[in-house]
Amino acid sequence: MRGFRRLSVSLTTLAAAAALLVGAGSAQAAGERYVALGDSYSSGVGAGSYLSDSGSCKRSSRSYPALWSAANAPSSFSFVACSGATSTTVKNSQLGTLNSSTTLVSVSAGGNDIGFADIMGVCVLQSDQACINAVNEGTAKTRNQLPGQLDQLYSNIKSRSPQARVMVLGYPRLYKLGSCVVGIGDTKRKALDDAADTLNTVISQRAAAAGFRFIDVRGPFSGHEICSGDAWLHSTRIPVDESYHPNSKGQQYGYLPSFDAIA
């Protein structure tokens, strides 16, 4: 009986401690002042359910920022991520809601800086060599131009919101190799996946240099790429701007848990 009473007391203590931790987490989230910046991977292009006031930015209620806000009820939520944004346009047009009281920021940028949409167009419509050439050109921009552009963006975020925790989200690989018998071939798919790896490496390095946290989503998306049989990404589709973007599962099960685990 003494052993049973001790076990009961221990379980009660653990339960109380867990409740305190949950309560503390809820209180922290409730006090957050969250700003969601970035490109189409943050606005939620491809997830559907676009907010009527977002226009061509195509901000989705199924995007990871909107899902996180709905689940955590922060004290304020500013959702300004926009389809087509580059690091420069994020810097020039999305930072207005940042201020010294902002506590949490998420941002994705870089894919449009290197011409992601144009590269995909070449790879879908032209030869293997043309695709490789386009990817190589984009990779050169990733290594030579993007670091400075990201540094400017991150510096501006930090100067406006010096106390905020800033989460920089990367990009998934698009393809599972060796699985598809239709669409572009594995030569092109591998080139595109390698380009995604290079892009993530550069973004993670610049985020670390700024003192920000990099969130790598390649792990969660592994096994859910295009050609996987359970894809969390769209292949070519109509509307065309949703092509090669996360679907609602990609936002809910790929991006959201990755962000939530750190935010």
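Me: A pocket is an open set of points on a 1 Å grid over the protein atoms alone, with protein on both sides within 12 Å along at least five of seven lines, and a residue lines it if it has an atom within 4 Å of a point. Which residues lie nearest the centre of the largest pocket, and how many line it?

Reply: The model is a predicted one, in which local features need pLDDT of at least 70 and side-chain atom pairs count only at pLDDT 80 or more, while totals for chains, interfaces and linings use all residues. Residues are numbered from 1 along each chain as its sequence is written, and side-chain values use heavy atoms, with hydrogens and water left out. The lining of the largest pocket holds 28 residues, and those nearest its centre are Y41, F116, A117, M120 and Y244. The space in this pocket comes to about 510 Å³, a volume being the space filled by probe spheres set on the grid points.

Me: What makes up the lining of the largest pocket, by residue class and by helix?

Reply: The lining divides into 17 nonpolar, 9 polar and 2 charged residues, where Asp, Glu, Lys and Arg count as charged and Gly is among the polar ones. Helices α2 (40-43), α5 (116-125) and α8 (186-210) each give at least two lining residues, and α5 has the largest share, with 6.

Me: Why is Y34 called buried, and why is F77 called partly exposed?

Reply: Buried means under 20% relative accessible area, exposed means over 50%, and partly exposed lies in between (1.4 Å probe, protein chains only). Y34 has 0% relative accessibility and therefore counts as buried, whereas F77 has a relative accessible area of 30% and is therefore partly exposed.

Me: What makes the pair of Y34 and W68 edge-to-face, and the pair of Y34 and F77 stacked?

Reply: Rings of Phe, Tyr and Trp (its six-membered ring) pair if their centres lie within 6.5 Å, and planes under 30 degrees apart count as stacked, over 60 as edge-to-face and the rest as tilted. By this rule the count is 13 aromatic pairs. Y34 and W68 lie 5.3 Å apart, centre to centre, with 75 degrees between the planes, and this pair is edge-to-face. It joins distant parts of the chain, since Y34 belongs to strand β1 and W68 to helix α3 (residues 64-72), 34 residues apart. Both Y34 and W68 are buried. Y34 and F77 are also 5.3 Å apart, centre to centre, but with 25 degrees between the planes, and this pair is stacked. Y34 in β1 and F77 in strand β2 are 43 residues apart. Y34, W68 and F77 belong to one aromatic cluster, which includes Y41 and Y64.

Me: How do you know that β1 and β2 pair, and in which sense?

Reply: Two strands pair if DSSP finds at least two bridges between them, and β1 (residues 33-36) and β2 (residues 76-79) share 4 bridges in the parallel sense. Within this pairing Y34 stands opposite F77. On β3 (residues 104-107), which pairs with β1 in the parallel sense over 3 bridges, the bridge partner of Y34 is L104. The open sheet of 5 strands runs in the order β2-β1-β3-β4-β5 with parallel pairing, and its edge strands, β2 and β5 (213-215), each pair on one side only.

Methods: On a 1 Å grid over the protein atoms alone, a cavity is a set of points where a 1.4 Å probe fits but cannot get out, and a pocket is an open set with protein on both sides within 12 Å along at least five of seven lines; lining residues have an atom within 4 Å of a point.
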